[in-house]
Amino acid sequence: MKKLFLIVGLSLGLSPLFAQEDEIDFNSDNSWLKVGLTAGVPISDAGDASSFALGLDLRGQYLFNPNLGIGLASGYTNYFGKDGNDDFGIIPLAGFMRYYFKRSGLFIGSDIGYGFLTGVDENEGGLYVNPQIGYHNRDWNIYAYYQNTFAENDIDIQAVGIGVTYNIRFK
């Protein structure tokens, strides 16, 4: 089921790339790097081993039109161990899509890709999904998220939290 979800998500997310017939013009109005921080509360399996999640969010985004943005997402989220458990982390490598209802205001979106685990023995990672809802303007994005990595050995690493990113425009 996880593989089917990944295939469908990637197909839907990447289909606008192949629908383009014109040359893509990257400029400061449609392309930027998003850099920010996330903070969350681990839930489910992760909540048993960790008390808090703190991360770095990196994204490169291209706007097809004023409402639809796609790009690549990565970063690092550290899960702070509790009750004698060591810290562990996730390095996502994902594509993402966001829908902006207006030039400033509400947006929804999701990342889908692979989450590489660090600090966990005998588990490399798995399918990574990160749906979001938030507020944006020309410079900032503030959002709530639910992050889930469907890792090997039937371990789901989940967190809910908030994030903020700053847009650095490409010139």
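Start by selecting Arg169 and Trp32: the charged end of Arg169 sits over the ring of Trp32, 5.5 Å from the ring centre. Keep in mind that this is a predicted model.

Together with Asp29, Leu63, Arg103 and Arg138, Trp32 is among the residues closest to the centre of the second largest pocket, which 17 residues line. Show that pocket as a volume; about 320 Å³ of space lies in it.

Now colour the pocket lining by class. Then colour by strand. β1 (31–43), β2 (50–63) and β8 (155–169) each give at least two residues to the lining.

Switch to cartoon view. Eight strands close into a barrel, and their pairing is antiparallel. Follow the order β1-β2-β3-β4-β5-β6-β7-β8 around the barrel. From one strand to the next, the twist averages 25°. Strands of a sheet pair through backbone hydrogen bonds.

Next, select residues 68–81 and 88–100. These are β3 and β4, which pair in the antiparallel sense over nine bridges. Zoom in on Ile70: Met97 in β4 stands opposite.

Move on to Arg98 and show Tyr143 with it. Arg98 lies over the face of Tyr143, 5.5 Å from the ring centre.

Key
Residues numbered from 1 in each chain as written. Predicted model: local features only at pLDDT ≥ 70, side-chain atom pairs only at ≥ 80, totals over all residues. Heavy atoms only, no water. 1 Å grid on protein atoms, 1.4 Å probe; cavity = no way out; pocket = protein on both sides within 12 Å on 5 of 7 lines; lining within 4 Å. Points joined across faces, edges and corners; volume = space filled by probe spheres on them. Helix = DSSP H or I, 4+ residues; strand = E, 2+ residues; numbered from the N terminus. Pairing = 2+ DSSP bridges. Axes fitted to C-alpha atoms, helices over the stretch in contact; angles between N-to-C directions. Lys NZ or Arg CZ within 6 Å of the ring centre and 35° of its normal.
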